[in-house]
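Subject: The structure I promised you

Hi there,

Here is the structure I said I would pass on. Have a look at it first, and then read on for my notes.

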Amino acid sequence: MTLRPSTSAWLAGGPASPGEPLEGTERADVAIVGGGFTGLWSAIHLKDADPAAEVVVVEREVVGFGASGRNGGFAMTMVGRSLHDLLRKVGPGRARATYDAMLRTLAGIESFCAAEGIDADLTRPGVLTVSNGPEQDVRVARDVEAAERLGLEGFRWLDRRACQALVASPVVRCGHLEDAALLLDPDALVRGLREAAVRRGVRVYERTPVLDLAPRARGVELRTPRGGVRAERALVATGAYARATPPVRRFLFAVYAYIALTEPLSPEQWSRIGWERRMGIEDKRVMPHFHRPTPDGRILWGGRDAPYAPRVPDPRREADPRPLARLEETFRWTFPQLADVRIERGWTGPIDATVRAMPTVRWVRGERVLCALGYSAHGVAPSCLVGEVVRDLLLGRRSELLELPFTSLRPVPLPPEPLRGALIGGAQRLLLRADDRGGRGALARPLLRVLRG
């Protein structure tokens, strides 16, 4: 059977009645473009800090339509490509501050969901990062060394036997386990955030595309098909779709991520792989795989291919079955004892990325328009912390959060098309080939040195 991308199982699994579209002209202190994690967390943090603030969120489709409703549901401490990568980029002081902030964020997401009554199937089983080859052994060791240098607790190296006790895959060689990681239903969370924002007085409009965002003498104006929003300031939080915003296009690019989903496993099938802790798992490829159990007893399997998209949406990427076939190939390789388990469906969606794989929060038009994006496939938890950074910038607060790499580390600019596509697409092909060959490939070695970790 040839699998073709379809609707995210998260989005298809629950009620998705859209909110009302915007009719007429609204006035606000802050207008937020994008109804995903970043936009909704930012709105909530703003209203909690200043209940009198008038906040409007406009979403082109429905909340969670983009990456927020199509991801794997991993809420991790990871910022950047890895802990080693973060330490290398920002040094021990900021790396430790970022890690500690992410720990607080994970605890905050748990307590927020409990207080607001959001049932997002949230669990805290941790995340196991594994090696499937010699070059990945080195990356695992570097992360462990970084954790030791930063004095982190709850982050430990596991040999082959210890890994096999957690998940019985013959290809796993070693790994590290981090206890502080959540698994959740991302669509249930984003819909819960919408309701929490509305309870605070945030006005959320869905099915409302923004046709133009322009500075005005006293703020900004968003033009929509049947009205608009006039506000003092605006936040662009549209992920990969922000490529349409010229100041953002200089450093942001889009790739398509793919996820496959098995049929429900029987208790006997689960027993073959010994995955009793039900933690999330990632490997240490440069373009990694990630996998996790779902609340209804399936295995979600994602990653590997993430082809560059010169435009978003890209119908060619959204209809391509080949990345899903390659995902099934690695699923069979990792768990040969599950040969009788059928891959039932798959889906894809565009994600926002930067060269440093680091989210960025920046003013792009003076101090009237703020952008917050570039999560590079690890945005479920960082988006909540980024929302706090957005709050402090929009309210003019001075805080330690503004020293984190989201604002202190400038994004790397990219050349225009067609050179941009040639560079990113060519680099991806070399890295994928090296990953598939166990790190071998002379042409990929300079890239691997740049991306070490």
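Below is what I found, sorted by topic. Please keep in mind that this is a predicted model.

**The cores**

The largest nonpolar core has 64 residues. Leu83, Leu189, Leu193, Val361, Val390 and Phe406 are the residues with the most contacts inside this core. Several elements each supply at least two of its residues, among them strands β1 (24-33), β2 (55-58) and β19 (369-373). On the helical side, the elements that each supply at least two residues include α2 (37-49), α4 (134-150), α6 (186-199) and α11 (382-394). Which helix gives the most? That is α3, with 12 residues in this core.

Leaving aside residues up to four places away in sequence, valine 361 touches Leu370, Cys371, Ala372, Val386, Val389, Val390, Leu393, Phe406 and Thr407. There is also a second, separate core of 29 residues, and Leu158, Leu265, Trp301 and Leu324 are included in it.

α11 has 13 residues, and its first and last C-alpha atoms are 18 Å apart, close to the 18 Å expected at 1.5 Å a residue. This helix is mostly covered, with 12 of its 13 residues buried. The buried residues include Pro382, Ser383, Cys384 and Gly387, and also the charged residues Arg391 and Asp392. Just after α11 comes glycine 396, with a positive phi of about 70°.

Helix α13 (residues 419-436) has 18 residues and reaches 26 Å from first C-alpha to last, again close to the expected value, here 26 Å at 1.5 Å a residue. Among the buried residues of α13 are Gly421, Gly425 and Gly426, along with Ile424, Leu431 and Leu432. Arg420, Gln428 and Asp435 are buried as well. Glycine 438 follows α13, and its phi is positive, near 75°.

**Cysteines**

How many disulfides are there? A search of the whole structure finds 0. Cysteine 174 is in no disulfide, and the nearest cysteine sulfur, that of cysteine 163, lies 6.4 Å away. Cysteine 174 counts as buried because its relative accessibility is 8%, under the 20% cut-off. Cysteine 384 is in no disulfide either, the nearest cysteine sulfur being that of cysteine 113, 9.2 Å away. With a relative accessibility of 5%, cysteine 384 counts as buried too.

Next, have a look at β9, β10 and β11. Strand β9 (residues 212-216) runs antiparallel to strand β10 (residues 219-224), and 5 bridges join them. The two form a hairpin with 2 residues between them. β10 is in turn joined by 5 bridges to strand β11 (residues 227-236), also antiparallel, and β10 and β11 form a hairpin with 2 residues between them.

**Salt bridges**

The structure holds 41 salt bridges. One of them pairs glutamate 26 with arginine 203, with the closest N and O atoms 2.9 Å apart. Glutamate 26 lies in strand β1 and arginine 203 in strand β8 (residues 203-205), so this pair ties together parts that are 177 residues apart in sequence. Glutamate 26 counts as buried, at 16% relative accessibility.

Arginine 298 forms a salt bridge with glutamate 344, the closest N and O atoms being 2.6 Å apart. Arginine 298 sits in the loop between β14 (289-293) and β15 (299-303), while glutamate 344 belongs to strand β17 (residues 343-353), so the pair ties together parts that are 46 residues apart in sequence. Arginine 298 counts as buried at 14% relative accessibility, whereas glutamate 344 is partly exposed at 32%. Arginine 342 also forms a salt bridge with glutamate 344, at 3.2 Å between the closest N and O atoms, and arginine 342 is partly exposed, with a relative accessible area of 40%.

Finally, a network of salt bridges links Arg285, Arg304, Asp305, Arg326, Glu329, Asp435 and Asp436.

Enjoy looking around!

Best wishes

Notes. Residues are numbered from 1 along each chain as its sequence is written. This is a predicted model: local features need pLDDT of at least 70, side-chain atom pairs count only at pLDDT 80 or more; totals for chains, interfaces and linings use all residues. Side-chain values use heavy atoms; hydrogens and water are left out. A disulfide is a pair of cysteine sulfur atoms within 2.5 Å. Buried means under 20% relative accessible area, exposed over 50%, partly exposed in between (1.4 Å probe, protein chains only). A nonpolar core is a set of buried Ala, Val, Leu, Ile, Met, Phe, Trp, Tyr and Cys residues joined through side-chain atoms within 4.5 Å. Helices (H or I, at least four residues) and strands (E, at least two) are DSSP runs, numbered from the N terminus. Contact means heavy atoms within 4.5 Å. Two strands pair if DSSP finds at least two bridges between them. The expected span of a helix is 1.5 Å times one less than its number of residues. A salt bridge is a side-chain nitrogen of Lys or Arg within 4 Å of a carboxyl oxygen of Asp or Glu.
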